[in-house]
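Subject: Structure for you to look at

Dear colleague,

I am passing on the structure below, with some notes on what turned up in it. Please read them with the coordinates open.

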Amino acid sequence: MSAPPAVTLDHVSKWYGQVIGINDVSLAIDGGVTGILGMNGAGKSTLFKLLMGRLRPNRGAVRLFGTNPWDSTSPYRRVGYVSESEKMYDWMTSMDFVSTLARLHGMTRYEAEKKAERALSFVDLDNVANKEIGKYSKGMRQRVKIAAALVHNPDLLVLDEPLHGCDPLARTSIMNVIREMGSMGKTVLVSSHILEEIERITEQIVILHSGRLVALGNLHAIRAMLDKHPHRILIRCENSRALAASFIDKEPVYGVRFIDTESLEIMTKDLSQAHEILPSLIIKSGIPIHSIENPDDNLESLLGYLVGDSK
Amino acid sequence: MTFGDPEDSEGRRLSTTVWTAIDRKAGAVIELTIKQLRNKTSTWTVFGISFLLLTLLSAFYIDSVRQGFESIDNDGDSVDNDGDGYPLGQEKKYGSSDFDREEYPGSGLFIPSGEIYYSGPRTHTGNHTWDVEGPSIFTLNWDNIDSSFPDSGQQCPDQIDDEMINTPYGWGPFSCTIEDGLKYVQFLRFEGEGTLSVADGWLATYGITTEKFDVPPEPSQNYVDEDGIDWDPDNPSSSQGFDDDGDCTQSEYNESSYGENDDSNRNGIPCDVQWVRGADGSVLQIRPDYLVDEDPVDSELMGESSHRSFIIITGKIAFSMIIGIFLPLFLALGLIRDESENGTLHYLLSKPIHRGEFIVYRLAGYLIFAGGFVLAMSLMMAVLTSTLGPDGNRFSDVNMWFGIGVVTVLSLAAYGSIFNAMGLISPRYGVYFALIFGVYEFAMAVMTLFGAELVPIFSVSHWALQMIDAIVLVVWSDTIMLSQMATAFNLDTGLAFFWSPPKHTLGTGSPALAIGLSLAVLISFILLPILIGQSIFKRREID
Amino acid sequence: MTEVDGDMPLGETRIEAAYGSGDGDNTSTATVASAPKGQIFEQIYRPWNGTLGPRWVRNYAIYRHHVYGIVTGSGHRRYHPFVRLTLLVVILGSMTPILMLLLSSMFSGDASGFLNRMWGVNRYNLWGNILGYFPRNLCMWPLLTALVVGGLVSDDRKNGTSAIYFSRPISRLDYASMKWLSAASVLGAVILLTYIMYYSAAVVFKGEGWSYIADTIPIFMGGLTAGILLVFTYTSIGIALSSISTSRFTASVSFLGLVLGSKIVAWLIEIQFETTYIYLLSPYDCLAHVGQWLVGLPPNYNHPLAVSAVSLILMNLASLAVFASRVASLEVTRE
């Protein structure tokens with residue numbers, strides 16, 4: 001028999017009084033980076049807390065490596081968790097913090113310090129490892145949390161909003177860390193409410209909305225499934241009317257709208273095909289372009305379609 | 001590896017067992033807890049104030065050692081109330097009053113032989129010493145009423161009548177001559193031969209006066225520390241003591257009605273001290289007759305006994321009550337509650353550590369930190385009192401302080417686990433429960449200090465104080481004797497006030513049993529809340 | 001639009017862009033977002049010319065906010081349900097003598113005499129209603145003060161809510177004095193009102209006349225003064241401790257530790273070393289000493305009354321100084 005998947009949820013529901021946090025979610029995740037997408041209050045943190053044994057499901061079963069995390073702490077030997085909590089022990093150095101947590105895995109002090117060093121250099125904090133966490137910036141603090149989560153070389157890494165509140169530089173370095181973890185063959189769960197962030201890390205996504213599992217799988221595949229819905233492309237250019245004329249007769253385009261003299265909105269039912277033909281048409285027309293945007297390419301519109309679809 | 005110990009992919013050696021891993025987890029949580037407490041300002045404030053408190057008490061102690069013990073007139077007989085030059089102790093021996101200038105040792109005592117009573121015949125004739133109270137007429141052959149009471153110039157009554165009941169000449173000694181051989185007298189003692197007639201409603205006594213003799217007055221210092229404790233531990237008899245200053249044996253020798261000497265302890269032997277001893281020879285009770293061994297040499301006895309009372313009371317109030325109750329209130333309540341409020345609990349609980357284990361390690365960390373402080377403080381006090389204390393085997397001080405330290409650490413543990421469990425049971429109300437519980441414990445401790453034995457039985461502080469009482473008896477088995485001596489012989493040491501033998505001994509009186517019982521109760525006060533806290537924390541959902 | 005209409009109030013466009021305060025029909029939302037180049041908006045601040053309510057009205061609002069929370073749950077500074085419960089228990093506890101007086105007026109004979117001796121109005125009982133150690137000053141007043149005063153300033157410090165006050169036309173003196181007054185009035189309501197009720201009950205239940213009142217009113221007034229002193233001192237010390245600490249619980253425990261600890265240590269030193277001077281460090285004993293003089297009881301202390309009085313004044317001054325300096329350093333923004 002093969003090893004059980006890292007994460008299994010079987011018809012899991014969790015409610016807080018009248019409010020439902022997770023509504024009948026079933027999924028199994030094993031290997032690679034998975035983005036958990038959802039708006040605030042969609043149930044991402046509740047899902048993670050269920051996984052980490054903080055909460056007990058009202059219905060269904062949660063399994064980490066085949067073990068119920070509410071009853072047993074043993075799966076945590078293979079799990080690293082970065083909580084959404086902002087507070088840390090500000091008086092500790094990151095070295096202390098990470099090695100103390102490492103010792104909770106039963107390592108000796110020496111072992112723990114060695115591993116902490118490795119983890120901190122992995123997240124690029126080795127040069128400030130002996131500074132107090134209180135003096136760190138937001139991004140550095142997030143990275144310390146990640147270092148603490150992967151100090152014991154876990155097989156599963158759960159990251160609750162790791163990019164929240166970080167500046168672009170910190171964002172990029174944290175994304176690199178996550179990608180690297182994924183390429184090392186670990187199972188990584190990352191939650192976010194920003195599609196673009198997740199897109200830069202992984203293609204495998206889970207979308208939650210109001211506690212329900214809305215979509216699961218490859219981002220592009222999901223999007224392709226949604227291609228029958230109208231998409232918009234916003235182009236800013238010098239002469240919008242001239243540009244519009246060049247592709248009004250092309251197949252994927254079914255409508256054009258002028259917002260003002262310098263911007264133009266194209267309606268299409270096949271986004272990928274539209275993007276395929278767009279560059280050549282623009283070059284052919286010779287009209288200077290300021291920007292091309294996909295206003296629908298965010299979580300809200302995606303959710304709008306998905307939820308609208310389910311109704 | 002140097003030991004040829006193979007490593008797995010994680011670098012863990014095969015010799016790493018479950019047990020060593022548990023040790024390491026415990027070590028990590030304990031270390032974290034200690035570091036956390038060390039980083040709180042309130043910790044050092046509380047430690048600082050506790051240290052200041054002990055310094056204050058030590059300063060008083062050092063000052064009292066430096067001054068030594070003055071001789072105290074424990075029975076108060078060195079005074080001279082009437083100013084006749086004879087101290088009370090000397091007057092007592094001679095049976096004279098210390099409130100009458102005219103009466104002093106050797107002054108000649110008036111011994112009554114008969115009286116003119118309120119009812120009955122109003123006159124009497126004879127040659128006597130007369131002691132007249134109210135208005136009277138004396139028809140005399142001779143008398144010695146001399147010029148000490150000259151006629152006051154007031155009109156002298158020529159007879160005594162009904163009006164006289166209100167003594168028209170006041171309430172002091174007075175006499176005047178009505179005519180030759182006839183005198184008016186009131187409130188006066190004199191010698192004379194003749195007939196005395198007394199006004200209705202008044203009385204007079206007559207008798208003889210003993211011969212005067214010369215007794216030189218003694219200096220009042222003779223009546224300070226003049227009646228030491230006479231007791232011989234080797235003498236198996238329970239009747240001990242000797243009335244060195246004779247105020248028991250010699251008082252009232254002249255009054256026939258009190259012919260027998262004082263035997264207030266009712267052991268059949270007048271003017272002795274009864275020393276009741278247990279089977280092992282230790283003194284359990286001391287019952288002196290009135291005025292026997294009542295003014296011992298203070299510097300010999302006070303030193304040891306007030307030294308002990310200082311240690312006991314500092315141990316009880318400063319250590320067990322103040323440090324024992326308030327330190328946990330500041331340090332223990334937030335051990336887990338603060339973590340879960342701040343959200344930092346997530347870091348710790350994401351690691352493979354059982355929640356129940358976690359509580360125990362947290363408490364252990366707090367206990368090592370706070371207990372270390374308490375033991376250090378008690379060591380400091382031990383060094384101080386064993387160096388400065390009165391001569392003798394002062395190593396016992398160290399034992400006593402160690403005992404106090406251990407009791408305080410037990411209280412810290414009990415309060416720690418109780419407060420912690422309160423925080424876990426109700427994150428919202430826990431702090432308020434803890435505050436009220438703290439005040440309750442303090443009040444129960446005060447009641448225990450004042451000797452209550454039943455009401456405070458459901459409090460940690462009661463059992464902690466009881467345990468200190470019992471440890472005192474183990475370390476210094478003669479404390480009962482010192483305490484009894486303090487009560488019996490009016491020694492003002494505070495020992496009898498602050499210490500009494502342990503109350504909960506199941507009737508055996510054994511201090512070891514009392515320690516065992518207190519220990520059992522305290523340990524259940526420690527374990528029960530931990531178990532309750534564990535079972536609640538295990539089921540708690542952490543958001 | 002980059003240009004601003006003359007009629008249009010300045011900044012409205014931006015407000016709508018930021019918060020969508022318009023009805024959504026106008027195009028101004030889009031215009032700001034589509035501004036192709038950098039744009040600088042003139043900043044013009046106009047002073048507010050409305051009339052400010054009188055100072056006492058504003059102060060009363062602060063005061064009310066802190067006191068009404070005892071009774072109502074919303075719109076006012078919430079008193080923790082447990083604090084309310086303790087308040088109730090303490091009030092009931094301090095009214096037991098009234099119950100006893102009622103009982104004694106119902107019985108006659110020996111029982112009544114006994115109850116009257118124990119709980120009737122006399123110097124000792126009037127003193128004891130305010131200043132008795134057990135249970136009032138051991139279990140009730142300090143706990144009450146600790147719970148009421150605990151979070152008064154420390155909560156503001158911890159949560160940064162002091163900014164709510166200081167961003168409005170309220171001076172630090174207003175803030176501090178209203179905080180102090182609100183705590184004092186809660187304590188006063190419990191301590192002084194039950195005391196007054198006790199005395200009135202004695203007069204009413206026993207059907208006493210004017211001569212009785214004339215005889216006892218000076219003692220009663222002495223006790224009342226002692227009670228005011230007690231409320232003043234406990235409030236000052238408590239609020240000073242609350243302003244030092246960042247957690248309401250630390251403040252409460254510190255207050256209890258100070259009041260209960262100093263008393264018992266002073267007592268220890270009196271018994272062991274025969275001096276009463278350490279009682280000067282204990283707020284309760286200074287109050288009790290002055291109180292004994294106020295109701296005309298023989299003092300329990302060997303040191304002169306004046307020293308106790310001076311110590312009491314120093315305690316209050318020191319506490320108020322600490323409180324004032326801490327309030328002065330309260331940040332307008334979150335700490």
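Chain A and chain C are joined by no contact, and their closest C-alpha atoms are 10 Å apart.

Some conventions first. This is a predicted model, in which local features need pLDDT of at least 70 and side-chain atom pairs count only at pLDDT 80 or more, while totals for chains, interfaces and linings use all residues. Residues are numbered from 1 along each chain as its sequence is written, and chains are lettered from A and ligands numbered from 1 in the order in which they are written.

The contact between chains B and C takes 26 residues from chain B and 21 residues from chain C. On the chain B side, α2 (41-67), α4 and α9 (430-449) each supply at least two residues (helices, H or I of at least four residues, and strands, E of at least two, are DSSP runs numbered from the N terminus). The largest share of that side, 10 residues, comes from α4(B). By class it has 21 nonpolar, 5 polar and no charged residues, where Ala, Val, Leu, Ile, Met, Phe, Trp, Tyr, Cys and Pro count as nonpolar, Asp, Glu, Lys and Arg as charged, and the others, Gly among them, as polar.

The axes of α9(B) and helix α12 (residues 248-273) of chain C come within 11 Å and cross at roughly 10° (axes are lines fitted to C-alpha atoms, for helices over the stretch in contact, and angles run from 0 to 180 degrees between N-to-C directions). That crossing makes α9(B) roughly parallel to α12(C), a term for angles under 35 degrees. In this contact V431(B), L435(B), G438(B), V439(B) and F442(B) of α9(B) meet F249(C), S252(C), V253(C), L256(C) and L260(C) of α12(C), and the residues divide into 8 nonpolar, 2 polar and no charged.

Chain B also holds an open sheet of 7 strands with antiparallel pairing, in the order β1-β7-β2-β6-β3-β5-β4; strands pair if DSSP finds at least two bridges between them. Its edge strands, β1 (110-116) and β4 (174-179) of chain B, each pair on one side only. Within chain B, strand β3 (residues 136-143) and strand β6 (residues 188-198) pair in the antiparallel sense over 7 bridges, and D143(B) stands opposite G192(B) in β6(B).

With regards

Definitions and conventions
Two residues are in contact if their C-beta atoms, placed from the backbone, lie within 7 Å. Angles under 35 degrees count as roughly parallel, over 145 as roughly antiparallel, 65 to 115 as roughly perpendicular and the rest as oblique.
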